[in-house]
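This report describes selected packing features of a single structure. The structure is shown first, and the description follows.

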Amino acid sequence: MINRKPKRKRKKSGCATLILVVFFTAIVALVTVLCFHIFGGNDSINDKVNDIKKIQYPKKYSQIVEKYSNLYGVDDNLVYAVIRTESHFKPDSKSSAGAKGLMQITPECFEFLQNNIPNDKTKYKESDLYDPEVNIKFGTYFLSYLLDRYDNVEKTAVAAYNAGFGAVDNWLNDPECSLDGKTLSVIVYPETENYVEKVESAKKIYIEIYKER
């Protein structure tokens, strides 16, 4: 048997290590440059995120919303928040309770509003609730009516939009639900409590993403 000396493992040269370091540094730098050109830095990334949010929280029917929010003195962000929560901007929406259109107005509520809305003697049909202009007009007026009824306490007005002002009046008169007769410390219906949270959250997001930058 011939005794052979084991081969020694060659050590990587310092030059090879340096090449690897330079290579990976170049890759990192290239990715950084590409990201900067694509997103344009932090401000542009924020703008991209904002654009995505605007898709999720659109301002559809803006001319109609602005028209009636100005006419009835209601924050347009609140109107958009209600539309998004009620129908996600689908004009043909109909609930199991019979509420119709963008702002989900029931036939009974529609009749009440027609009898109380100022300066409009037009007699509308129930099917007109699927018309975005008619629906937003009466939905925005209803918000205005509720805000006036509850001294501009928005959360109380929003609760009444969902549960009806009869139920909310009862809650306000109950010391276990309201300490001051204006604000609700307890919302009896879980559905209404969840509804108020959704609308108020959506309104805050609308204000944030559409503010002037």
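Which residues of helix 8 are buried?

## Helix 8

The model is predicted. In helix 8 (residues 165–172), the buried residues are Ala 167, Val 168, Trp 171 and Leu 172. Viewed down the helix axis, these residues fall within an arc of 135 degrees, so they line one face of helix 8. An α-helix has 3.6 residues a turn, so residues three or four places apart point the same way. The packing partners of the buried residues of helix 8 are helix 7 (154–163) and helix 9 (190–209).

## Aromatic pairs

The structure contains 13 aromatic pairs. One of them joins Phe 110 and Tyr 124, whose ring centres are 6.3 Å apart with planes at 45 degrees, so the pair is tilted. This pair links distant parts of the chain, with Phe 110 in helix 5 and Tyr 124 in the loop between helix 5 and helix 6, 14 residues apart. Phe 110 is buried, at 2% relative accessibility, and Tyr 124 also counts as buried, at 17%.

Tyr 145 and Phe 165 form a tilted pair, with 5.9 Å between centres and 50 degrees between planes. Tyr 145 belongs to helix 6 and Phe 165 to helix 8, 20 residues apart. Phe 165 is partly exposed, with a relative accessible area of 23%.

## Aromatic cluster and charges

Tyr 57, Tyr 80, Tyr 206 and Tyr 210 form one aromatic cluster. Lys 59 lies over the face of Tyr 210, at 4.5 Å from the ring centre, and Arg 84 lies over the face of Tyr 57, at 3.7 Å from the ring centre.

Terms used:
Residues are numbered from 1 along each chain as its sequence is written. This is a predicted model: local features need pLDDT of at least 70, side-chain atom pairs count only at pLDDT 80 or more; totals for chains, interfaces and linings use all residues. Side-chain values use heavy atoms; hydrogens and water are left out. Buried means under 20% relative accessible area, exposed over 50%, partly exposed in between (1.4 Å probe, protein chains only). Helices (H or I, at least four residues) and strands (E, at least two) are DSSP runs, numbered from the N terminus. The arc is that of the directions from the helix axis to the C-beta atoms. Contact means heavy atoms within 4.5 Å. Rings of Phe, Tyr and Trp (its six-membered ring) pair if their centres lie within 6.5 Å; planes under 30 degrees apart count as stacked, over 60 as edge-to-face and the rest as tilted. A charge sits over a ring if NZ of Lys or CZ of Arg is within 6 Å of the ring centre and within 35 degrees of the ring normal.
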